[in-house]
Number of protein chains: 4
Amino acid sequence: MKVDKLWGGRFEELPPKEIVDFLSGRDARGTSPADERLIPYDLWGNRAHLLMLIRQGILSKQDGKKILKGLRELELLCRKGKFRLDPAKEDVHSNIESFLIDRVGIEAGGKIHTGRSRNDQVALDMRLYLRDQVLEYVEGLTALIELLLRQAQAHRSTVMPGYTHHQYAIPTTFGHLLLSFAEAFDRDIRRFVHWFDLFNENPLGAAAGYGTSFPLDRELTSKLLAFDGPTENVTDPITQRWEPEAELAHAVTVMMNHLSTMAQNLILLSTPEFNMVRLHDRHCSGSSIMPQKRNPCSLEVIKAKASFAHGILLSLISVGKALFMGYNRDTQWTKYWIMDLVEETRPAVSVMAEVIRLLEVNRTQMAERTGKGFLGATSLMEWMAVVGRLPLRKAKMAVEKAVKYSEKEGAEEVTYTSLKKAIKDMGIRLPLKEKEVKEIQRPDRILSRNILIGGPSGKGVRENLFSLRERTRGSRKWLTLERREIEKAKERIVRMEQKLAM
Amino acid sequence: MKVDKLWGGRFEELPPKEIVDFLSGRDARGTSPADERLIPYDLWGNRAHLLMLIRQGILSKQDGKKILKGLRELELLCRKGKFRLDPAKEDVHSNIESFLIDRVGIEAGGKIHTGRSRNDQVALDMRLYLRDQVLEYVEGLTALIELLLRQAQAHRSTVMPGYTHHQYAIPTTFGHLLLSFAEAFDRDIRRFVHWFDLFNENPLGAAAGYGTSFPLDRELTSKLLAFDGPTENVTDPITQRWEPEAELAHAVTVMMNHLSTMAQNLILLSTPEFNMVRLHDRHCSGSSIMPQKRNPCSLEVIKAKASFAHGILLSLISVGKALFMGYNRDTQWTKYWIMDLVEETRPAVSVMAEVIRLLEVNRTQMAERTGKGFLGATSLMEWMAVVGRLPLRKAKMAVEKAVKYSEKEGAEEVTYTSLKKAIKDMGIRLPLKEKEVKEIQRPDRILSRNILIGGPSGKGVRENLFSLRERTRGSRKWLTLERREIEKAKERIVRMEQKLAM
Amino acid sequence: MKVDKLWGGRFEELPPKEIVDFLSGRDARGTSPADERLIPYDLWGNRAHLLMLIRQGILSKQDGKKILKGLRELELLCRKGKFRLDPAKEDVHSNIESFLIDRVGIEAGGKIHTGRSRNDQVALDMRLYLRDQVLEYVEGLTALIELLLRQAQAHRSTVMPGYTHHQYAIPTTFGHLLLSFAEAFDRDIRRFVHWFDLFNENPLGAAAGYGTSFPLDRELTSKLLAFDGPTENVTDPITQRWEPEAELAHAVTVMMNHLSTMAQNLILLSTPEFNMVRLHDRHCSGSSIMPQKRNPCSLEVIKAKASFAHGILLSLISVGKALFMGYNRDTQWTKYWIMDLVEETRPAVSVMAEVIRLLEVNRTQMAERTGKGFLGATSLMEWMAVVGRLPLRKAKMAVEKAVKYSEKEGAEEVTYTSLKKAIKDMGIRLPLKEKEVKEIQRPDRILSRNILIGGPSGKGVRENLFSLRERTRGSRKWLTLERREIEKAKERIVRMEQKLAM
Amino acid sequence: MKVDKLWGGRFEELPPKEIVDFLSGRDARGTSPADERLIPYDLWGNRAHLLMLIRQGILSKQDGKKILKGLRELELLCRKGKFRLDPAKEDVHSNIESFLIDRVGIEAGGKIHTGRSRNDQVALDMRLYLRDQVLEYVEGLTALIELLLRQAQAHRSTVMPGYTHHQYAIPTTFGHLLLSFAEAFDRDIRRFVHWFDLFNENPLGAAAGYGTSFPLDRELTSKLLAFDGPTENVTDPITQRWEPEAELAHAVTVMMNHLSTMAQNLILLSTPEFNMVRLHDRHCSGSSIMPQKRNPCSLEVIKAKASFAHGILLSLISVGKALFMGYNRDTQWTKYWIMDLVEETRPAVSVMAEVIRLLEVNRTQMAERTGKGFLGATSLMEWMAVVGRLPLRKAKMAVEKAVKYSEKEGAEEVTYTSLKKAIKDMGIRLPLKEKEVKEIQRPDRILSRNILIGGPSGKGVRENLFSLRERTRGSRKWLTLERREIEKAKERIVRMEQKLAM
C-alpha cells in the first residue's frame, strides 16, 4: 500500500501539480540562483552594446565578429541548459565576460566591457527583467478580469446579502460583488502600465554612474533594447537603483491586497455557517489527521503572500532611504527581494482565476439569507420618506424602533405591527398596508429599484460589465503593442548581426 | 536677561519661524481634530448633493432653499472660525447634519441625508482632500525642481568627485548631481499625477456601498465636484477605502526617500571632513551645551520624516489586507494616518528648496579633492585602451597595478613611473609620456570628453537642463488646468444655487 | 427636535463616552503637544539633577535653593494647568530652563543645565515616560487576563466547534478558547517586563553623548529616579535613542496582533451566520442610513489600531538603521511616534476587557453547530484505531471515505451505513454498532476524553486556569514592587529637598 | 589568460570564499528546500513521540521497534545525504511518514501519526529549529563582543572626535566608541535569551490545535526534546504560530540595525575624507571598470540585510493580524521568511567580527582632527563656569561668540583674543591667560577630566570593559548550560531506544 498524500480520501479530485506547488511553497523545492533569470537579458544587453560599439567605431568589426561568435555559442549553451553560473566568478556579468574571454581570447573578449560598468549593466538587466514581469502581471490580471466578467454576467441576478462591518446591510448580487473586484484589478493593471511610463528608459551608458569618455550611442542601444529612450541623466538610475523594483513591488502589493480581500470573502462565504459558495476540491486540502476536512488552502496561501508583499515592499523602501550618490552595494539585494516577490505572487493571479472558474455558488442559501436579518429595512425607510414625505432622518428613527420591536417579536424582517407601533410612538401619520410593508422589503423588488450608475443590479451591472469589457480589450491591446515593440527590437538586432556577419 | 533659545550666539541669523516649526515638530504644538480639515469638502459635497436632489425632484425646492440657507450660514461661521466640531456628535458629517437640523428644523434638515450614507460621504470628502494635497505636492515639487535647475545651471562646471560606495569614482559636476535629483523629483510628480488617473472619480451615490433606491444623478454630482465621472461600481470604493490613501502614501514615501537621499548627500558634504558645501545658518541649529555647534537639523528632520512615511505607508497597506466586502471601521483610521503624513511631509519639499537656494558651495575644496584619490584612473585606462588598442580588461589590470605602485610612492594619482612599471610587468608595449599621463588624469579634461547623453558635463548637462525645463513647464501647465477644472465646478455650483435662490 | 447621533433608535443603551471617544478617534479631537506629557518627567529629572549638583559641590546650596523654589513654583503652575509650552522656545527642556531663568535670574537659573545636555535630558524623560507606560500596559493586561479567566471559568463546559482554516475541526469549549488568548496576553506581559531588564537604566550624565568634565554622581541620580543604575556607556543610549521606543512598540505590536485576532474571532462569531456571541449594545454602532444596524465597531477599531502599530514599529525600526555615532535629529521623531502609539493602543486593552465582560454567549447555537459538520470524525477515527488496532493512517482513509458517503446521504455526521460501506471498501474488518458510531461522535463524549495537559476541557482547562491565576498574581506583585520603587525614589527626593530647604 | 575576477589587481589579498559568498549573495547560488533544514528536527520529534506512544501503551513495543528501525535507516540515509524530499509528497512530515510506511509497512508505519497532526508537528520542528538559531546568534554575538573588547582595550586611549549630527562635538576615544556598540550587542544577546523564556515550550500534543483523545504524556516528550515543559494551552501555539518567528525576527532586526550603524560608522570613517580607519583588503571589492577602487562592500551588504530584516519582521507581523482560531495556512509562509532571514543575517555577525579584527586605525589622523573644529569649546565653557563662577548658560553665550570671532580669524579652536572680545562684549569679568585658553582645549586634557561612569576615557572605559567582560562570560555560561540540556535530552532518547531495542 502506497501513501503519497496523508489526506484526500474524501475528495473527488486532488489538486493538480500547479496547485500542489502553489500550496507547498518552498517546503520541498529550493530556489535557483538569482542571476540565472538574468542570463537572457544580459545576453541581449551584450548584443546591443556590441553592435553599438562597432557602429561607433570603438570596436573593430573583426573583434566584434569574434565576440558575436562567442555570444552565439553561449546562447546555444543556455538553450540546452548547459550554461551554469560559477559562484567563484560572482555574478552573471562576470560569468559571461569570463566565458567570452575564455572562448575568443582576451584580445577580443577583453573589449566587450568597453564603456560599460557592472553598475549600468545590472540596472539594464533588471529593467529588462522587470519589464517582462510587468507584462506578465498585466496578462494575468486581464485573464482574471475576463473570468470575473464571465461569472458576473452569469450571476448578475444572483441575490445575496450586502454586508458592512460583517453585518447585513442591503441586498446586492453576487455578480456585482465580482465586478467590484474586477474594478480593483483594473486599477492594478493601470499601476503596472504606469511602471512603463516611469522606467522604460535605458540606463546603459551610465557606466559607473558618471558616464565614460567613449563616444557611446545611447539612442541606438535604446532602440535595440525596446526602450523609449536613454535615461536623461546617468547618475539618477544608479543612485536610485531600488526604485523600479519598489514601484513594481508597490503595484504587486496593492494587487495582493485586492486578491487577499477576495480570498477572505471566499473563505468566509465558504464556511459552514455562511455556506454561500463551495470551492472546488482542487483548491482545497485535507488534514493529516481530521478525515472530514476541506480547507480553503489556495486562498489562505494568497493571504500569506500578501503579507510577504508587505514585507518586501518595505525592504525595498527601507534600502532606498538616505543613500549617498552613485552606486552602493546595499541596493544589490533589491534583486533577490523583487525576484522572490515576483515568483511568489505571479501564480496567485492565475490560481485565483481558477478558483473563480470552478466556484460553485449556492444561490438558494444566498437568496434565503437575503430575506432575513432586516436587509430590507433601509428600503422601507426610503419608501416611507417618499410616500410619507418624511425627512429621511425621521423615517430612519421610526424604522429603527420598528426593528427593535420586530426583533422582540422574534421576526427577521420589519413586521407590520411593529412598524405601526413605531410610527405611532413618533406621532407620524402614514397609512400602512401589511402587504405593502412586506413587499417593500423583498430583495428582488429592492434590487429592481436600485438603478444607479454602478449599482448592484440591472442597468448598473450591465453598464459596469460593458465598461470593464472595453477596458480589458484596451489592456490586451496595450499588451500586444508593447510585446510587438520588444519583438521588433530583437529583430533589429538580428538584422544588424547578420549584416555584420556578412 | 531673557533667554529664548539655549543656543544661537554663534549664528549670524536664526532660523525663521517656519524652520523652527519644522524642527521642533510636535514638541510644543498639538494637532487639530482631523475632521476640521474636511469641513470645506463636506460642505462642498453637501451643496452638490443638495442641488442634485432638487434637480432630480427627490427634494422640493422649498426644502432645498431652507437647507441651502443653513449651509450658507454654516459656511459663514466656518470662515469666521466660529464653527467647532462637537466630539459628542462624532464626526464632521454628523456635526453638519445636526447643525442643519438645528437651524432649519428636522422637516427640511432631516432630508439632506437622503440617498446618502456616511460611507460614501467620507469617501467623497477624503478624495476631495487628497486631490488638493496631490496638487500641493505637485506645486511644491515643481518649485523645488525649478530651484535645482537654477542651481544646476550655476554649477554646471563645478567639478567635484563622483562617488560610488562612498569612495572616489570618476569626476563629475555639482550641477549634474543636482540634476540627478531633479530627475527623481520629476518622476515623483508623475506619480502624483497618476493618482488622478486612478482616483479622480466620484464615490458619491455609493451610499452604504450598495446604492440606494433614490434616483440619484451621479453624473451631475461628478460635474459639480470636478471629478472625471462617477465610480463605475459602488461597492469597490467602499471596500477599498484605504487605496487612494495608500497610493498617495506611496508617492509621498518615494518622494521622501529621494529627499532623504538628497539630505544625506548634503549632510555628508557639509561635514568638516568633506567640507564641500555649507548650509545656511537658517537651516542649522546649535546645541544646548556645545558652543561651537552648527547642526544640519533641517536635513536630519527630513530623514526622520522619510522613516515616518515608511511606517504610514505600511499601516495603510496593512489595513487593506483581507477585508470583507463593504465598509469596515478598520479603514476609518486611514484618515488620521494620511493626514499626519501630509502634514509632516508637505513642508519638507519647500524646506529642501530653501536649503538649496541658500546653499554655499565650496568650489575650491571640490576641485582640490577631485585632483586626488585616483579619480582619473578610469580615464587613463580608457585612454590606454584607445591609443594602445588594448582590450579594456587588460588596460584595467595594468592601471590597477599602477595604482598599487603609486600608492606605495605616496602619490594620489597614477604616476608615470608606476604606470611604466605596471605595463612592463604585463608585457604591454605602449609609448608613454610623463606629461600625457598627468594630462589624461586632469578632471577638466576628463569631463570635457564625457559627452554622453545624460553625462556629467557640457552637452549632457545642457540637454538634461533643457529637457527638465520642458517637463517642468508641462507640470505647471497640468497644475493650472486641474485647478481651473476645480474652479469651474465650484462656479457651476454657485450659478445653480443662485438660480435656485431666485 | 434635537438629533445628536444619526443612529441609535434600535439600541437599548448607547455607548458610553469612553467608547464614543475610542470609536470616533481623532475625528473631532486633536492631540496635545507631545512635550506636555514630559513636563512631570522633566521636572523630576531637574530635581534629581539639581540635588546631585549640590551634593557634588558643583552648585552652591544658595543657588540650589533658588532653583528649587523656581521648580516648585513651576510644579504648582502645572498642577493648576497654568503652565503652557511656548513653541518659540522649542521643547519642554528649553521652556523649563527659560522659566527658571526668568523667575530666579540667570545667575542661579543659568546653572541648572550644568553638566547636562538636551541629548541626555530627553533620553531620560523618554525612559521615565516609557517606564510608566510599560506599567500601565502590564496593569491593563493583568486586568484583561483576570476577566478572561473569570469568563473561561464560567464557560469551561460551553461546547463549541473548534476551527482550523475557518472550517470545522474538533469540538472545543468557549472557555478554552478564551484561555488560549489569556496565554498570549501573559506572554505580552513578559515582553513588557523584559523592557525593564533592557532599559531601566539612567542615561543622565551622558550629556551630549560623550560625558562632561563636571564630576557628576550618576549613581545618585539613578537612585533618585528609581533606575537600576546608570547606563554603563554614555554614547550608546544617545546613538541608539530609538531603541527603548522600538522595544516598547514591538511589545505593543504583538499585543495588538493578539487583540486583533481576538477581535476578529468575536466579529465572526457575532455575524448573523455564526450567531454564537452577541456584543453588548455599548460596543456597537448603528449606521447613518441603515436602521437595523448593530456594527461591531469597537472590535474593528482594535484591528485598525493593530495596523497602526505595524506602521509605527516600522518607523521606529527604519529610523534606527545606519545612524552615525552620537545624537542625530532623526531620532527626535521617535517621541511623537511612540506617544501616538501609546495613546491609540492603551485604551484598546480595557475596551477589550469591557467587551468580554458584557459578552452574551449563545450556548444553544454553539452546541447545535458542534453536533454537525462532521466534527466527530476525528474522534471516530481514533476510536477505530484503538478498538480495531488499525494504523491511524488506515483508519483515517476509512473515515474519509465514510465522510464522502455520508455527505452524499445529506448527513452532517458520519452515518453507520456509510462507515460500514467505507470499511468494506478497504477490506477492514471491524464490528460496528449503529449506536456506538453515533455515541463516539457526540461532542460531550469527545471532550470528556480529551484530557491532555492544555486540552480543551475538564482537567486541561482547570490546570490552565490555575496556572494562569498564579502567573497573574505574579504580575500584580511585580507591578506593586516596581511602583513602590518609584514611590520610594520620589520620597527620597522630597526628603533631600526638605533637608536642603532647612 | 584566465580572468576570474573583473577586478583585484590593486589588492594585496582577495576576499576569502566566505566573504565572496557573503558579497555575491544569491547571484550564483540558489537556496535549498526549506524543509531540508527541518529533517533532523522532525526525526527528533518522531523519535520522542514514538517512545512516548510506546510508554503510554498507545503503540505496541513490536510496532514501535519496527518504526524505530525505519527511523534509523532514514537517519543513516540523511547522514549520507541520500534522503531527498519529494515535492509530490508536500512537506517533510509527509515525506518521512511515507518513507516509514514504505519501509515498515502501513500496519506499523501507519501508526506513527497517532495522536499527532501536522499542525503540532511543524510547530514543534520550528521551535526546535528556532531554538538552535537563537543559540547560534548568541554564540556569534558573544564572539563579536569579545573582539570588540579586545580592540577597545587596545584603543582605550586612541583620541578621536566625538560627533553629533555628523558634526564635531566633544573629544572621545575609538575604544569607547567600540564599547558603545558592545553594549548594544549585549542587549541583543539578552533579547535572544528572552526568546527562551517565551517559547522554549513543547507544542507537541496540541494535535490539530484542540488536543486528541489519546492519552499522550506531554511531560515526557518535553523532557525528551529539552523543553521547559509543555505549552499549557493547546490552541494558543497553533493560532499564534507566527509569534516565535516574529520574536526572533525582532531580535534579529534590532541586531541588524546595530550592525548597520556600526557599518555606517566604518564606511564614513574609511572615506578618503575622514580617512580614520582602513578596511582590510579582504572586506573590500574592486570595480569592473574603475582601477583604483576599494569599496567597503562587506559593510554595505550588512546594511542591505538590515533592510531585509525590516521587511521580514513586517511580513511576520502582518500575517499575525486578525487571524481566526486554530491553524490557518497563512502562517505556513512564516517558515520560509524566518529561514531566509536567518540565513541572510547569521553570517553578518561573524563578518563584522572579522572586519573589526583586521581593521587598521589611523591614530594620527584621528588625533589631528580632534585638535580642530572647536572640539574643545565645551570644555572651555565648563572651565569658565567653574573658575568664573558663571552660570553655564552665560558661559556658553560667551564661548558661542568667541567661536564666531575665532572662525572669522580663520582659527579652528577658540583663540585667546576672540574669547577676550566675547567676554568683554558680555560684560563678564574673568582673568584669562593665553596659555590656559589653549591648554583647556587640548583633547588629552579634556579626556583626562571626563571621569564619569560610562565616560569616554580612563576609569569610565576600564569599568565598562570590566563589566562587559563579566557579562560576556555570563553569556558563554548560559550557552554552555542550554547546550548541555539539549545534549542530555538527546542522550535520554538514545538510552530509551536502546532499552526498547533489547
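In which crossing, left-handed or right-handed, does α3(D) pass α4(D)? α3(D) passes α4(D) in a right-handed crossing, that is, with the near helix turned clockwise from the far one by less than a right angle. This is a predicted model, in which local features need pLDDT of at least 70, side-chain atom pairs count only at pLDDT 80 or more, and totals for chains, interfaces and linings use all residues. Residues are numbered from 1 along each chain as its sequence is written, chains are lettered from A and ligands numbered from 1 in the order in which they are written, and side-chain values use heavy atoms, with hydrogens and water left out.

**Helices α3 and α4 of chain D**

- Helix α3 (residues 61–79) and helix α4 (residues 92–109) of chain D have axes that come within 9 Å and cross at roughly 155°.
- That angle makes α3(D) roughly antiparallel to α4(D) (over 145 degrees between N-to-C directions).
- The contact (heavy atoms within 4.5 Å) involves residues of α3(D) including D:Ile67, D:Leu71 and D:Leu74, and residues of α4(D) including D:Phe99, D:Leu100 and D:Val104.
- By class, the contact of α3(D) with α4(D) has 9 nonpolar, 2 polar and 5 charged residues; Ala, Val, Leu, Ile, Met, Phe, Trp, Tyr, Cys and Pro count as nonpolar, Asp, Glu, Lys and Arg as charged, and the others, Gly among them, as polar.

**Helices α5 and α18 of chain A**

- In chain A, helix α5 (residues 118–154) and helix α18 (residues 458–501) pack at an angle of about 155°, with their axes 10 Å apart.
- α5(A) and α18(A) are therefore roughly antiparallel to each other.
- α5(A) passes α18(A) in a left-handed crossing, with the near helix turned anticlockwise from the far one by less than a right angle.
- The residues of this contact divide into 11 nonpolar, 4 polar and 9 charged.

**Helix α13 of chain D**

- Helix α13 (residues 377–387) of chain D is mostly covered, with 9 of its 11 residues buried (under 20% relative accessible area, 1.4 Å probe, protein chains only).
- Among the buried residues of α13(D) are D:Leu380, D:Met381, D:Glu382 and D:Trp383.
- The elements of chain D that cover these buried residues include β2 (167–173), α14 (392–409) and α15 (416–425).

**Chains B and D**

- Chain B superposes on chain D by a rotation of 180° with 0.0 Å of shift along its axis (RMSD 0.1 Å).
- The two copies are thus related as by a two-fold rotation axis.
- B:Glu273 comes closest to the rotation axis of the residues of chain B, at 2.7 Å (C-alpha).
- The same surface serves both copies, as 100% of the contact residues of chain B recur in chain D.

Conventions:
Axes fitted to C-alpha atoms, helices over the stretch in contact; angles between N-to-C directions. Helix = DSSP H or I, 4+ residues; strand = E, 2+ residues; numbered from the N terminus. Parallel < 35°, antiparallel > 145°, perpendicular 65-115°, else oblique. Least-squares fit on C-alpha atoms with pLDDT ≥ 70 in both. Buried < 20%, exposed > 50% of the residue type's maximum accessible area, 1.4 Å probe, protein only.
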